[in-house]
Amino acid sequence: MAAASGCLFCARPMLPRLCAGLAAGPRSLLRVSAYSTALVVGSAGPSPGQVAASRRSRTSQIARNRRLPGAPRTEKMAVDQYWGNVYPTAAAFNPSSVPLPIRMGYPVKRGVPPPKEGNLELIKIPNFLHLTPPAIKKHCTALKDFCTEWPTVLDSDEKCEQHFPIEIETVDYVSAGPSVRNPKARVVTLRVKLSKLNLDDHAKKKLIKLVGERYCKDTDILTITTDRCPLRRQNYDYGVYLLTVLYHESWKTEMWENEKTEADMEEYIWDNSPSQKNALDTLVRIRAAEKTTEVTKEELLASEIVENYKTTVVALKNEGETENNILQYKESVTKLLNLQALQ
Amino acid sequence: MGVILQNRAARVRVGKGDKPVTYEQAHPPHYIAHRKGWLSLHTSNLDGEGGAAERTVEDVFIRKFIYGTFHGCLANEIVLKRRANVLVVCAVFLQRLPPYKFYFLVGYTETLLSFLYKCPVRLEVQTVPEKVIYKYL
């Protein structure tokens, strides 16, 4: 034993104090140390016969003085005890603390699964013995003091959207290890509906062109995701700055914006388009051929037939070709050119 | 297959029927997640998480350390659980040392490992009178 070997090298006067300290342990240890220090360093040491005898007596003394293991806690548990005192926090499974006859493991052939004593499988798995419903209730009552009520004004999604139009999304990461930092935690996502922003037609079109893919037409939501700064607060500030800049820039009209060609247009506009010119020309020529009264282009434009044609063409170009659209186009063309219904 | 290319990983070869073997030793590695659990639980092996190598190196050191500190007293492998910052070492010991020595070694291990790894280390200890034999191979 380390204590015994230490005695050999320590000064004589310290010996009684050490022996007194060891009085708590098995008395054999005291005797051994007393025996070994009685022989001064420099003598030949104990003879083999004496050593063997001392060892045999020592093991029998250890066996006699060995403290028997006490009864497990399960036998001293009351039936109506508070389980939260046995497992107050998350802890590994302890077979002498859990009064259940659990068996776990693959059984041997013609046998049963191994019992819970010394069962490593039961220790390996995470257990929820510390999270029984009464324990959770206790946690909740303790946490209630730190909670505030949800404001009663915000009782529907629309009200939340109306008061808080911008949604900020951040993610916190927890992992097992000595470090709290996770580089993925700096990403910030900003979401806002364009209808909540004060934009006129030109500003809205310009904003959508500026942000490109970040705008979703179906839900009318602009999503800005920032992660270029190392800290979350910096990314949030950058996101808000981007939103501000986009808003102000979209309201300004630059000089080069009046060079917008038809290829840049987001949607089809019928006025001043080739379709309008062609339709009006055709109608004028029809009228001229029939030698009816001269009708001016403005009157033609205002007439219902041309309006009908305009709506169908715009629908076709903007929404794509659907059954409905094509049928309506056919009807408007037949009315325009005064053809009788083709079956 | 051939007689040469046989798996020898973590397998106790069948003998005369006198070799006592624990549940952990009796099951070769292909039974993990079927009949065995994992000895070390942490989040680093999940998708997109880092630090797996550091945790593994820590695990290896801790196993060797405890094997040496409680020499001859280990009944089975050590189970390591990491819960946020805390390292929980679950060990099953044989009753070969008097309790006061166990307590001292447990305190010594906890203090030394906490200073070494700069995180709280808890040792949850169980004792059994003998090794729990699953079967004899």
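In this predicted model, helix α2 (residues 52–69) of chain B and helix α3 (residues 99–117) of chain B cross at roughly 155°, and their axes come within 12 Å. Because angles over 145 degrees count as roughly antiparallel, α2(B) and α3(B) are therefore roughly antiparallel to each other. Their crossing is right-handed. On the side of α2(B), the contact is formed by Glu58(B), Phe61(B), Ile62(B), Phe65(B), Ile66(B) and Thr69(B); α3(B) contributes Leu105(B), Tyr108(B), Thr109(B), Leu112(B), Leu113(B), Leu116(B) and Tyr117(B). By class, this contact has 10 nonpolar, two polar and one charged residues.

| Helix pair | Crossing angle | Axis separation |
|---|---|---|
| α2(B) and α3(B) | roughly 155° | within 12 Å |
| α8(A) and α9(A) | about 130° | 8 Å |

Helix α8 of chain A spans residues 201–211 and helix α9 of chain A residues 232–251; they pack at an angle of about 130°. That angle makes α8(A) oblique to α9(A). The crossing of α8(A) and α9(A) is right-handed. Here His202(A), Ala203(A), Lys206(A), Leu207(A), Leu210(A) and Val211(A) of α8(A) meet Leu246(A), Tyr247(A), Glu249(A), Ser250(A) and Trp251(A) of α9(A). The residues of this contact comprise seven nonpolar, two polar and two charged.

Between the chains, 32 residues of chain A are in contact with 36 residues of chain B. The buried area is about 2,700 Å², with carbon and sulfur atoms giving 54%. One salt bridge is found across this interface. The side chains of Lys124(A) and Glu24(B) meet in a salt bridge, at 2.8 Å from N to O.

Conventions: Residues are numbered from 1 along each chain as its sequence is written. Chains are lettered from A and ligands numbered from 1 in the order in which they are written. This is a predicted model: local features need pLDDT of at least 70, side-chain atom pairs count only at pLDDT 80 or more; totals for chains, interfaces and linings use all residues. Side-chain values use heavy atoms; hydrogens and water are left out. Axes are lines fitted to C-alpha atoms, for helices over the stretch in contact, and angles run from 0 to 180 degrees between N-to-C directions. Helices (H or I, at least four residues) and strands (E, at least two) are DSSP runs, numbered from the N terminus. Angles under 35 degrees count as roughly parallel, over 145 as roughly antiparallel, 65 to 115 as roughly perpendicular and the rest as oblique. A crossing is left-handed if the near helix is turned anticlockwise from the far one by less than a right angle, and right-handed if clockwise. Contact means heavy atoms within 4.5 Å. Ala, Val, Leu, Ile, Met, Phe, Trp, Tyr, Cys and Pro count as nonpolar, Asp, Glu, Lys and Arg as charged, and the others, Gly among them, as polar. Buried area is the accessible area (1.4 Å probe) that two parts lose on being put together, summed over both. A salt bridge is a side-chain nitrogen of Lys or Arg within 4 Å of a carboxyl oxygen of Asp or Glu.
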